[in-house]
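This report goes through selected helix contacts, salt bridges and backbone angles of the structure shown below. Please keep the sequence and the coordinates at hand while reading.

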Amino acid sequence: MRQLPSLAAVRVFEAAARLENFTAAANELGMTQAAVSYQVKSLEERLGAPLFVRERGRARLSALGRQLQPALTQALDAIEAAFAVTRAEDEATLTVATTQTFANSWLAWRLGGFQVAHPDLAVRLTTGDRMLDLGAGEADVSIRSGLGDWPRLEAHRLMNIDFTPMAGPRFLAQVEAELGRPLQPGDLAELPLISPEDPWWDSWFAAAGVAPGERRRGGGLRLDSQANEGHAAMGGRGFALLTPVFWTNDIAEGRLVQPFATLGTRGFAYWLCYPPERRTVAKVRRFRDWLLARFDEERSR
């Protein structure tokens with residue numbers, strides 16, 4: 001184990017020695033003069049020799065103090081430079097973790113706008129269902145779905161997760177031709193559903209007024225993300241439960257049809273999350289402000 005004195009005391013001594021004035025050192029370090037005197041005294045007691053010769057209005061270095069000051073200033077300069085490099089590298093890249101669905105259906109389409117506004121900042125987007133440990137630095141920020149009650153994280157609500165069945169227009173037209181009438185919510189119990197085992201189907205059926213005994217869900221294509229389910233629906237594989245805000249362009253351009261106005265919900269939302277101690281980090285603040293502004297704009301439209 002290194003036989004080192006208190007680094008706080010070393011830092012105080014270095015400033016007082018460099019400035020040869022306890023008051024000036026206190027101002028530089030944001031401390032009181034009494035605190036500076038205490039730290040210097042504690043270091044002198046550890047060394048068993050004085051570091052300063054006290055004179056009126058000035059603290060003149062002793063022979064030992066003159067011997068130590070250049071080496072300690074050089075050492076602190078090296079420590080400061082090492083952290084400056086780390087800080088510069090950290091500030092140069094923003095790592096955003098989110099789900100495949102949110103990335104593919106919303107964020108990736110808009111992230112270029114953030115990059116244009118902040119050309120000095122590289123953005124790395126990582127997707128997956130595993131919740132990364134933000135406290136351990138696995139990502140700078142995370143956009144997560146849930147109730148927003150994660151411990152040791154600050155969370156900003158972005159949007160509620162509503163959902164409703166959607167299908168490709170040709171598939172829907174074929175179904176309604178076979179029925180000989182417009183589609184009704186209860187009809188879905190007898191039609192191909194994408195990820196039929198998803199419990200969110202029951203929530204939507206309940207919101208649409210379909211009785212529990214009518215909610216038969218048979219076999220069907222099973223997929224692991226809403227992004228994949230939406231593309232399967234476009235391909236005519238059945239009805240998928242989708243969040244409308246993610247599929248606005250596909251609906252507008254006729255790749256998907258939303259046959260019912262009824263929306264289901266389970267109280268979930270998407271949240272922007274980061275550790276509270278990172279809230280003032282410049283890159284986190286810049287991304288947070290941009291993201292919240294984008295959602296405000298889209299809500300207003």
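This is a predicted model: local features need pLDDT of at least 70, side-chain atom pairs count only at pLDDT 80 or more; totals for chains, interfaces and linings use all residues.

When residues up to four places away in sequence are left aside, Arg 285 touches Arg 279 and Thr 280. Ile 251 is 34 residues from Arg 285 along the chain, and the C-alpha atoms of the two are separated by 33 Å.

## Packing of H5 against H10

On the H5 side the contact is made by Phe 102, Trp 106, Leu 107, Arg 110, Leu 111, Gly 113 and Phe 114, and on the H10 side by Arg 286, Phe 287, Trp 290, Leu 291, Arg 294, Phe 295 and Glu 298. Sorted by type, the residues of this contact comprise nine nonpolar, one polar and four charged.

## Salt bridges involving H10

Over the whole structure, a search finds 16 salt bridges. One of them joins Asp 120 and Arg 286, whose closest N and O atoms are 2.8 Å apart. Asp 120 belongs to the loop between H5 and strand S4 (122–127), whereas Arg 286 belongs to helix H10, so this pair ties together parts that are 166 residues apart in sequence. Asp 120 itself is exposed, its relative accessible area being 53%.

A salt bridge also forms between the side chains of Lys 283 and Asp 140, with an N to O distance of 3.2 Å. This pair, too, links distant parts of the chain, since Lys 283 is in helix H10 and Asp 140 is in the loop between S4 and strand S5 (141–146), 143 residues apart. Is Lys 283 buried or exposed? Lys 283 counts as buried, because its relative accessibility is 1% and the cut-off for burial is under 20%. Asp 140 is likewise buried, with a relative accessible area of 8%.

Arg 288 and Asp 289 form a further salt bridge, in which the closest N and O atoms are 3.4 Å apart. Of this pair, Arg 288 counts as buried at 14% relative accessibility, while Asp 289 is partly exposed, with a relative accessible area of 42%.

## Packing of H1 against H3

Helix H1, residues 7–19, and helix H3, residues 33–47, have axes that come within 9 Å and cross at roughly 110 degrees. That angle makes H1 roughly perpendicular to H3, and the crossing of the pair is left-handed.

Which residues meet in H1 and H3? From H1 they are Ala 8, Ala 9, Val 10, Val 12 and Phe 13, and from H3 they are Val 36, Gln 39, Val 40, Ser 42 and Leu 43. The residues of this contact divide into eight nonpolar and two polar, with no charged residue.

## Positive phi angles in loops

Arg 152 has a phi near 60 degrees, which is a positive value in a residue other than glycine. The residue lies in the loop between S5 and strand S6 (154–166), where Arg 152 is exposed, with a relative accessible area of 73%.

Ser 195 is not a glycine either, and yet has a positive phi of about 55 degrees. Where is Ser 195 found? Its place is the loop between helix H6 (169–179) and helix H7 (200–207). With a relative accessibility of 2%, Ser 195 counts as buried, whereas Arg 152 is exposed.

Technical notes: Residues are numbered from 1 along each chain as its sequence is written. Side-chain values use heavy atoms; hydrogens and water are left out. Contact means heavy atoms within 4.5 Å. Helices (H or I, at least four residues) and strands (E, at least two) are DSSP runs, numbered from the N terminus. Ala, Val, Leu, Ile, Met, Phe, Trp, Tyr, Cys and Pro count as nonpolar, Asp, Glu, Lys and Arg as charged, and the others, Gly among them, as polar. A salt bridge is a side-chain nitrogen of Lys or Arg within 4 Å of a carboxyl oxygen of Asp or Glu. Buried means under 20% relative accessible area, exposed over 50%, partly exposed in between (1.4 Å probe, protein chains only). Axes are lines fitted to C-alpha atoms, for helices over the stretch in contact, and angles run from 0 to 180 degrees between N-to-C directions. Angles under 35 degrees count as roughly parallel, over 145 as roughly antiparallel, 65 to 115 as roughly perpendicular and the rest as oblique. A crossing is left-handed if the near helix is turned anticlockwise from the far one by less than a right angle, and right-handed if clockwise.
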